[in-house]
Amino acid sequence: MTTDVHVRQARAADAPVLARLRWACKQEDHEGDLSAPVRPVAQAEQWIQERLDRGGWLAWVAESGGEICGHVFLHLVERVPEPYEDNTPVGYVTNFYVVPGHRNRGLGAALLEALQRHARGEGMDVLIVWPSERSVPLYRRAGFQASAELLEAQ
């Protein structure tokens with residue numbers, strides 16, 4: 001694990017970097033396809049900035065050498081109130097990315113730890129994720145388990 005990493009909650013001002021990293025992540029998913037995207041990165045930048053400003057979305061960034069080199073997002077999914085149970089939001093974990101040159105140094109674990117610490121502090125008892133095949137071991141080490149309770153329609 002690297003010692004020069006700082007994890008903090010993202011700010012709306014981080015949106016330009018977060019958008020560029022999102023595009024890098026998706027290009028990796030498409031095996032480095034560098035063809036022209038169908039939408040400009042500025043659209044993602046605006047979307048991220050608006051969501052972080054409003055608070056329904058949260059994100060954490062990992063910085064090394066003063067540069068953002070990883071992030072993870074948390075969307076708060078509200079529950080309808082009920083008389084017998086707490087209705088704290090469900091957390092949807094998504095857009096988890098660490099730039100290739102910083103992988104396998106503990107940044108991903110540190111990002112997930114910060115997100116989970118926040119979720120526990122807010123009383124969230126459920127976090128869900130649709131992991132990539134590559135990320136499953138990381139999520140499992142962080143305590144995520146397969147659930148027989150979810151159903152998915154496609």
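**Pocket, salt bridges and core of a predicted model**

Colleague: How much space lies in the largest pocket?

Modeller: This is a predicted model, in which local features need pLDDT of at least 70 and side-chain atom pairs count only at pLDDT 80 or more, while totals for chains, interfaces and linings use all residues. Residues are numbered from 1 along each chain as its sequence is written, and side-chain values use heavy atoms, leaving out hydrogens and water. A pocket is an open set of points on a 1 Å grid over the protein atoms alone where a 1.4 Å probe fits, with protein on both sides within 12 Å along at least five of seven lines. The space filled by probe spheres set on those points is the volume, and for the largest pocket it is about 760 Å³.

Colleague: Which residues of the lining are the closest to the centre of the largest pocket?

Modeller: A residue belongs to the lining if it has an atom within 4 Å of a point. The largest pocket has 30 such residues. The closest to its centre are Phe-96, Ser-132, Arg-134, Ser-135 and Leu-138.

Colleague: Which element gives the most to the lining of the largest pocket?

Modeller: Helices (H or I, at least four residues) and strands (E, at least two) are DSSP runs numbered from the N terminus. At least two lining residues come from each of α1 (15-29), β4 (90-98), α3 (107-121) and α4 (136-141). With seven residues, the element that gives the most is β4.

Colleague: How many residues of this lining are nonpolar?

Modeller: Ala, Val, Leu, Ile, Met, Phe, Trp, Tyr, Cys and Pro count as nonpolar, Asp, Glu, Lys and Arg as charged, and the others, Gly among them, as polar. On that division the lining holds eight polar and eight charged residues, and the number of nonpolar ones is 14.

Colleague: Which residues are linked with Arg-8 in a network of salt bridges?

Modeller: The whole structure contains eight salt bridges, each a side-chain nitrogen of Lys or Arg within 4 Å of a carboxyl oxygen of Asp or Glu. One of them joins Arg-8 in strand β1 (residues 5-9) to Glu-63 in strand β2 (residues 57-64), 55 residues apart, with the closest N and O atoms at 3.1 Å. The network that includes Arg-8 also holds Asp-14 and Glu-63.

Colleague: Is Glu-63 buried or exposed?

Modeller: Buried means under 20% relative accessible area, exposed over 50%, and partly exposed in between (1.4 Å probe, protein chains only). Arg-8 is at 12% and is therefore buried. Glu-63 has a relative accessible area of 16%, so its class is buried.

Colleague: What is the N to O distance between Arg-117 and Glu-113?

Modeller: Both residues lie in helix α3, four residues apart, about one turn of the helix. Arg-117 is partly exposed at 47%, and Glu-113 is partly exposed at 45%. Their side chains form a salt bridge with an N to O distance of 3.3 Å.

Colleague: Which residues touch the most other members of the largest nonpolar core?

Modeller: A nonpolar core is a set of buried Ala, Val, Leu, Ile, Met, Phe, Trp, Tyr and Cys residues joined through side-chain atoms within 4.5 Å. The largest has 38 residues, and α1, α2 (41-54), β2, β3 (67-77), β4, α3 and α4 give two or more each. Touching the most other members are Trp-60 and Val-93.

Colleague: Why does the positive phi of Asn-95 deserve a note, and what is its value?

Modeller: Most residues other than glycine have a negative phi. Asn-95 is in strand β4 and is buried at 12%. Asn-95 is not a glycine, yet its phi is positive, at about 50°.

Colleague: Where is Asn-104 found?

Modeller: Asn-104 is another residue with a positive phi, about 60°, although it is not a glycine. Asn-104 is exposed, at 82% relative accessible area. Its place is the loop between β4 and α3.
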